[in-house]
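These are my notebook entries on a handful of places that I looked up, one after another.

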Amino acid sequence: MFGPEARLALYMEGAFESKTGKMGLGVLRYSPNPVVAVIDKGHAGERLADVTGIVHGAPIVAGVGEAADLGAEVLILGIAPPGGQIPDDWRPAMDEAVARGLSLVNGLHEGLSRRFPTLGPGQFVWDVRVEPPGIGVGGAQARLMANRRVLTVGTDMSVGKMTAGLEIARSARAKGVETAFVATGQVGIVITGAGVPLDAVRLDYASGAVENETLKYSASQLIVIEGQGSLIHPGSSATLPLMRGSCPTHLVLCHRAGMTRLPRVPWVEVPPLKEVVRLFEDTASACGTFGSPKVVGIALNTSHLDEGGACGAVREVERDTGLPVCDPVRDGAGPLLDAILRA
């Protein structure tokens, strides 16, 4: 919906405190577009590095008007909260943005197109979570592809599956490996400009939608498929259609260091990671029906730890699982990529 030159502003009001700013943080870290402002009046004037840990030169400003004055052309709603609804107190800011000529990017379940039926020349509203046309029931056709296909899987929602996948793809391209990234969530789609919003697809067609997107990249040596949800989360049904649609040859398990229970459903204890590895491998294989993809490494999210704590957590998980482990943001995804290319 917009080219790599479009100047972006991220609307993040209250997102840093609520820990729901996944969209904005992902765009800050990975988008090729210039981000000219982050909007959050509670942190206006502060440095992004101090608030988010991401080194970026964009200022934090108090309102849409300041972002527009800095040259913003597109306003991205920077949150990805459970349930995907737009907060009521965000609506005046969206109205102001459209009135000032900005376009809107909305990754939430609640659509915005109907709210703004009349737009100026070149102005758009992109509701990202819309089921793509031309999909049908999956047939596991990706199993016939000759390339490596890596699916990131996780012990929970929001543990870094997209981040790990993007870092693996970045490392692979740096090594000269022709690599495609299949985005399956709203953040990855906005960053890369393509993909399938899996949680907007009817369940009967979910594996078919992933299959269609994966088959587009048959010429690539490596395809990295962005994972969603978790097999051990009671609210998630995303992992199975991702497995069947992409027929992965390799898996990378993503986990938050030290997490023993799921934060939003704390009655769910995280099993020992060796058992989690076996669960994902067995489910992906289905008694050998879909090959025998293996977990070749673990992407460990250590963003809440200092350097010493992160190193200790990596060593502990390596010792417990016998697999290569790294935090792909702190350390780069080299160990994960090496494991993928060796297997």
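I began with Ala286, which I found in the loop between H10 and strand S13 (294-301); helices (H or I, at least four residues) and strands (E, at least two) are DSSP runs, numbered from the N terminus. The model is a predicted one, in which local features need pLDDT of at least 70 and side-chain atom pairs count only at pLDDT 80 or more, while totals for chains, interfaces and linings use all residues. Residues are numbered from 1 along each chain as its sequence is written, and side-chain values use heavy atoms, with hydrogens and water left out.

I noted that Ala286 is not a glycine and yet has a positive phi of about 55°. Most residues other than glycine have a negative phi. Cys287, in the loop between H10 and S13 as well, also has a positive phi, near 60°. Are these two residues buried or exposed? Ala286 has 22% relative accessibility and therefore counts as partly exposed, whereas Cys287, at 86%, counts as exposed; buried means under 20% relative accessible area, exposed over 50%, and partly exposed in between (1.4 Å probe, protein chains only).

I next looked up Ala313 in helix H11, which counts as buried because its relative accessibility is 13%. Leaving aside neighbours within four places in sequence, Ala313 is in contact (heavy atoms within 4.5 Å) with Ala257, Leu300 and Leu305. The C-alpha atom of Ala313 is separated by 9.8 Å from that of Asp327, 14 residues apart along the chain.

I then turned to the second largest pocket, with about 300 Å³ of space and a lining of 15 residues, of which His255, Leu273, Glu316, Val317 and Asp320 lie nearest its centre. On a 1 Å grid over the protein atoms alone, a pocket is an open set of points with protein on both sides within 12 Å along at least five of seven lines, a cavity is a set where a 1.4 Å probe fits but cannot get out, and lining residues have an atom within 4 Å of a point. Grid points are joined across faces, edges and corners, and a volume is the space filled by probe spheres set on the points. Helix H10 (273-285) and helix H11 (307-321) each supply at least two residues of this pocket's lining, and H11 gives the most, with four.

How many cavities of 30 Å³ or more does a search of the whole structure find? I recorded one, and the largest cavity has a volume of about 30 Å³. Strand S7 (148-154) and helix H9 (239-246) each supply at least two residues of its lining, with S7 giving the most, four residues.

H6 and helix H13 (residues 334-342) pack at about 70°, with their axes 9 Å apart, which makes H6 roughly perpendicular to H13. In that packing, Ile168, Ser171 and Ala172 of H6 meet Gly334, Leu336, Leu337 and Ile340 of H13.

Terms used. Axes are lines fitted to C-alpha atoms, for helices over the stretch in contact, and angles run from 0 to 180 degrees between N-to-C directions. Angles under 35 degrees count as roughly parallel, over 145 as roughly antiparallel, 65 to 115 as roughly perpendicular and the rest as oblique.
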